[in-house]
Amino acid sequence: MTAEKDLHTLLATMHPEIREGEFVYVLWPDGRPLAGAISAAVREAEGLTVVLPRDEADSLGLSYDFVGAWITLQVHSSLEAIGLTAAVSAALTEAKISCNVLAGFHHDHLLVPIADAERALEVLHELVAANGEHQPAPELVLRSEQPGDRPALLALTAAAFAVSPVTGLPVEGEPEEVQLLAALFDCEEYLPEFSVVAELDGELVGQVISTRGWVGDLELLGLGPIGVVPRLQRHGIGGALMKETIARANAAGERGIALLGDPEYYSRFGFVTSTSLGVDAPDPGWGAHFQLLPLAVWPGGVSGTFRYAKPFDIA
């Protein structure tokens, strides 16, 4: 592969990816044989500096001060390219994020404070977007989910809900939405035309599922979960999935869609508090967060409590 030298092309086409784990800088003890999974090393007059996973440093009893996240700029940059690290460093500096750069033969690598990892990715993606304005943007494809998509969709959901939308705190273990989605794929109330995925450049970046629900004998849709990969959240993908679901529901003659979520966000799609339409939430404590969208053939005069698909009972 030919290494790229043009700065604009590099910035427009790079794909920042975060490496799993936490990494530390260690001054290697003089005379001690190298050990552990060392990822990088620099020989200086004062000694040998190595970068290795934090748990490796702990197991070897090595001290460190800085704990970082490792971000790789996935673009094949030439060692003669001018300005790439300067542009990246400037963008992170403006966001008040410190950055240590390691240049490899194929890629540049960044070590940023672990607490700033997600924000650093956002800044880098904004830099990519700003430099890609004059290049054809990849098309967001919305399509029905296929069985072969499911492992990727479960992984996507785990990433999307790694931080609780309720508490704003990291979730311990696997988010409950993952098990729920897996159960919905296999339940009697599954509706294949309402399991929709968003695909960008061949990558699954979002999903939403709606399954059969009821108020009394009236059939409705129960929407959720809906998820978008973290690096592309707040980029309109969730909104596109919502609009696609609503369009499909109207075309299929569905009566309405119920969901649990933020009223400020979902009101933009026409959702209202369910009780204003005579429908009670499965849990009274949900209050105004349980919402309903009456579709074109909403019958009116509806009264009762909404029932989700069976997997929601054990979620």
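Start with the open sheet: six strands, in the order β2-β3-β1-β4-β6-β5, with antiparallel pairing. Strands here are DSSP E runs of at least two residues, helices are H or I runs of at least four, and both are numbered from the N terminus. Two strands pair if DSSP finds at least two bridges between them. As background, strands of a sheet pair through backbone hydrogen bonds, either parallel or antiparallel.

Which strands sit at the edges? They are β2 (40–44) and β5 (100–103), and each pairs on one side only. From one strand to the next, the twist averages 30°.

A word on what you are seeing. This is a predicted model, where local features need pLDDT of at least 70 and side-chain atom pairs count only at pLDDT 80 or more, while totals for chains, interfaces and linings use all residues. Residues are numbered from 1 along each chain as its sequence is written, and side-chain values use heavy atoms, with hydrogens and water left out.

Four bridges join β5 to strand β6 (residues 108–113), and the two run antiparallel. Asn 100 stands opposite Leu 111 in β6.

Now the helices on this sheet. Helix α3 packs on the sheet and touches β4 (67–74), β5 and β6. Its direction makes about 20° with that of β6. Contact means heavy atoms within 4.5 Å. Angles run from 0 to 180 degrees between N-to-C directions, and axes are lines fitted to C-alpha atoms, for helices over the stretch in contact. Helix α4 lies across β1 (15–27), β4 and β6, and runs at about 135° to β1.

How do α3 and α4 meet each other? The axes of α3 (residues 84–94) and α4 (residues 117–131) come within 10 Å and cross at roughly 125°. That makes α3 oblique to α4. The cut-offs: under 35 degrees is roughly parallel, over 145 roughly antiparallel, 65 to 115 roughly perpendicular, and the rest oblique. The crossing of α3 with α4 is right-handed.

Now the side chains. Ala 87, Val 88, Ala 91 and Leu 92 in α3 meet Ala 120, Val 123, Leu 124 and Leu 127 in α4. That contact has eight nonpolar residues, no polar and no charged. For the classes, Ala, Val, Leu, Ile, Met, Phe, Trp, Tyr, Cys and Pro count as nonpolar, Asp, Glu, Lys and Arg as charged, and the others, Gly among them, as polar.

On to the next helix pair. The axes of α5 (residues 150–160) and α6 (residues 176–186) come within 8 Å and cross at roughly 150°. So α5 and α6 are roughly antiparallel to each other. Their crossing is right-handed. Residues in this contact include Arg 150 and Leu 153 in α5, and Glu 177 and Asp 186 in α6.

Last, some backbone details. The peptide bond from Gly 224 to Pro 225 is cis, with omega near 5°. Pro 225 is in strand β10 (residues 218–228).

Lys 96 is not a glycine, yet has a positive phi of about 60°. Lys 96 sits in the loop between α3 and β5. Asp 201, also not a glycine, has a positive phi of about 55°. Look for Asp 201 in the loop between β8 (195–200) and β9 (203–215).

Conventions. Left-handed = near helix turned anticlockwise from the far one by under 90°.
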